[in-house]
Amino acid sequence: MSAYVLVEITITDPVQYEEVKHLTPPIVAHYGGKYLARGGHTEVFHGDWQPARLVLLEFESIEAARTWESSPEYTMVKEMRDRCANVNMVMLQGV
């Protein structure tokens with residue numbers, strides 16, 4: 001069953017965040033993930049949530065998503081990311 005990872009990002013250092021954007025896709029792909037949406041236009045249908053940037057990833061399973069998120073390669077990028085952005089991330093199991 002697929003798993004989806006939704007990431008809300010507020011960038012605080014755009015220059016350093018460009019490196020995060022460059023490093024992350026090969027790691028996502030290595031762990032079987034793919035981008036479904038990455039920083040495109042958002043439109044609020046209901047409520048007052050105003051995300052600055054959203055990313056939506058798909059993995060083949062919850063286990064694959066967990067393996068990616070805790071991988072040594074991504075841990076290094078997360079440390080860099082956390083210095084230049086505020087992030088909320090959730091995983092959602094598909095149906």
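Reply: Let's begin with S71, which counts as buried because its relative accessibility is 2% (buried means under 20% relative accessible area, exposed over 50%, and partly exposed in between, using a 1.4 Å probe and protein chains only). You are looking at a predicted model, in which local features need pLDDT of at least 70 and side-chain atom pairs count only at pLDDT 80 or more, while totals for chains, interfaces and linings use all residues. Residues are numbered from 1 along each chain as its sequence is written, and side-chain values use heavy atoms, with hydrogens and water left out.

S71 sits in the loop between α2 and α3. Helices (H or I, at least four residues) and strands (E, at least two) are DSSP runs numbered from the N terminus. The side chain of S71 reaches two backbone atoms: the oxygen of W68 at 2.9 Å and the nitrogen of Y74 at 3.1 Å. Each is a polar contact, a pair of N or O atoms within 3.5 Å; within protein, one must be able to donate a hydrogen and the other to accept it, and residues adjacent in sequence count only if both atoms are side-chain atoms. Leaving aside neighbours within four places in sequence, S71 is in contact with I27 and Y31, where contact means heavy atoms within 4.5 Å. H22 is 49 residues away along the chain, and its C-alpha atom is 17 Å from that of S71.

Now follow the chain into α3. This helix has 13 residues and reaches 19 Å from its first C-alpha to its last, close to the 18 Å expected at 1.5 Å a residue (the expected span is 1.5 Å times one less than the number of residues). Its buried residues are Y74, V77, K78, M80, R81 and C84. Among the elements that cover them are β1, α1, α2 and β4 (85-93).

K78, at 15% relative accessibility, counts as buried, and its side chain meets that of E69 in a salt bridge (2.8 Å, N to O). A salt bridge is a side-chain nitrogen of Lys or Arg within 4 Å of a carboxyl oxygen of Asp or Glu. E69 is partly exposed, with a relative accessible area of 28%. R81 is buried at 9% and pairs with D82 in a salt bridge of 2.9 Å, N to O, whereas D82 is partly exposed at 47%. The structure holds four salt bridges. Side chains of opposite charge can pair when their charged atoms come close.

T24 lies in α1 (residues 14-30) and is buried, with a relative accessible area of 9%. Leaving aside neighbours within four places in sequence, T24 is in contact with Y35, Y74 and V77; Y74 and V77 are among the buried residues of α3.

K21 also lies in α1, and its C-alpha atom is 9.1 Å from that of R81, although they are 60 residues apart along the chain. K21 is partly exposed, at 26%, and touches R38 and R53 when neighbours within four places in sequence are set aside. K21 also forms a salt bridge with E18, the closest N and O atoms being 3.1 Å apart. These two residues are three places apart in α1, about one turn of the helix. An α-helix has 3.6 residues a turn, so residues three or four places apart point the same way. E18 is partly exposed, with a relative accessible area of 45%.

Finally, step back to the whole protein. The protein has three helices and four strands, running β-α-β-β-α-α-β from the N terminus. Its largest nonpolar core has 21 residues, of which V5, L57, F59 and W68 touch the most other members. β1 (3-11), α1, β3 (53-59), α2 (62-69) and α3 (72-84) each supply at least two residues of this core. A nonpolar core is a set of buried Ala, Val, Leu, Ile, Met, Phe, Trp, Tyr and Cys residues joined through side-chain atoms within 4.5 Å. Of the 95 residues of the protein, 35% count as buried. Among contacts between residues at least 6 apart in sequence, 75% join residues at least 24 apart.
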